[in-house]
Amino acid sequence: MSALLIPKKAFPLEYYPMPSDKKWAVLYATWCGSTRDAALWISEGMDGIANVFDVRENPDLSGYEHIVIGGAIRAGVTSQLLHEYLEKNKDMLKSKIRGYFAVCGNMMQPVGPEQTAAFIENHLARICGVSNVLSKVFLGRITFGLMEPDVRKQMQSFPGMKDYDNLKRPECMAFGKEVLATV
Ligand SMILES: Cc1cc2nc3c(=O)[nH]c(=O)nc-3n(C[C@H](O)[C@H](O)[C@H](O)COP(=O)(O)O)c2cc1C
């Protein structure tokens with residue numbers, strides 16, 4: 001009986017509410033998940049037509065025509081895995097990049113041109129070798145319970161550091177809508 005419940009082939013579950021022939025993808029790198037939520041909400045702003053990928057899946061994005069790339073910020077940069085993926089797939093991605101985003105803490109202060117320069121213009125756009133596309137830096141979250149133990153200890157030792165949630169779904173959705181309108 002229990003054998004009947006075991007599927008013959010396991011498929012990765014895709015969160016892809018509105019399949020579309022427009023072939024949009026959002027690629028993200030996260031440690032604690034706020035950037036995953038931002039990526040999903042960006043897709044939701046596109047009425048759900050973008051497929052959303054964690055860079056740890058090492059996705060094959062060659063079949064997509066329009067790609068949005070984003071990463072969480074630690075120590076001023078996105079993850080090493082994202083750098084490696086972008087370097088490795090640079091030629092394939094070059095003509096498809098339509099937007100960048102970053103998710104940061106910024107000491108709970110509002111973000112401005114300084115963060116766009118640091119995380120987008122001088123970072124993601126440089127790695128990809130593509131600039132002049134829409135970009136957005138979002139404020140993210142701190143959730144001590146989701147951090148690696150050593151990182152949690154280090155973060156908790158900063159005076160005034162606490163759990164917070166500054167990520168805003170409407171901002172992410174608005175960015176998705178805006179990027180979609182560029183094509
Ligand atoms: C170890 C660590 C280092 C961080 N470094 C920075 C930083 O340099 N600049 C910044 O603005 N935010 C920094 N943050 C805040 C994160 O960018 C923020 O929590 C973000 O929401 C994390 O995204 P994630 O949940 O997708 O991993 C740091 C957070 C941690 C845990």
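In this predicted model, the axes of helix α1 (residues 34-45) and helix α6 (residues 169-180) come within 6 Å and cross at roughly 55°. Helices are DSSP runs of H or I with at least four residues, numbered from the N terminus, and axes are lines fitted to C-alpha atoms over the stretch in contact, with angles from 0 to 180 degrees between N-to-C directions. The pair α1 and α6 is therefore oblique, the class left once angles under 35 degrees (roughly parallel), over 145 (roughly antiparallel) and 65 to 115 (roughly perpendicular) are set aside. On the α1 side, the contact (heavy atoms within 4.5 Å) is made by A38, W41, I42, E44 and G45, and on the α6 side by R169, C172, M173, F175, G176 and K177. By class, this contact has 6 nonpolar, 2 polar and 3 charged residues.

The ligand has 21 residues around it, of which T30, S34, T35, I73 and R141 come nearest; a residue counts as near if one of its heavy atoms lies within 4 Å. A polar side-chain atom of T30 is found 2.5 Å from a ligand oxygen atom. The backbone takes part too: an N or O atom of G105 lies 3.0 Å from a ligand nitrogen atom, and a polar backbone atom of N106 is 2.8 Å from an oxygen atom of the ligand.

Residues are numbered from 1 along each chain as its sequence is written, and side-chain values use heavy atoms, leaving out hydrogens and water. Local features need pLDDT of at least 70 and side-chain atom pairs count only at pLDDT 80 or more, whereas totals for chains, interfaces and linings use all residues.

Technical notes. Helices (H or I, at least four residues) and strands (E, at least two) are DSSP runs, numbered from the N terminus. Ala, Val, Leu, Ile, Met, Phe, Trp, Tyr, Cys and Pro count as nonpolar, Asp, Glu, Lys and Arg as charged, and the others, Gly among them, as polar. A polar contact is a pair of N or O atoms within 3.5 Å; within protein, one must be able to donate a hydrogen and the other to accept it, and residues adjacent in sequence count only if both atoms are side-chain atoms.
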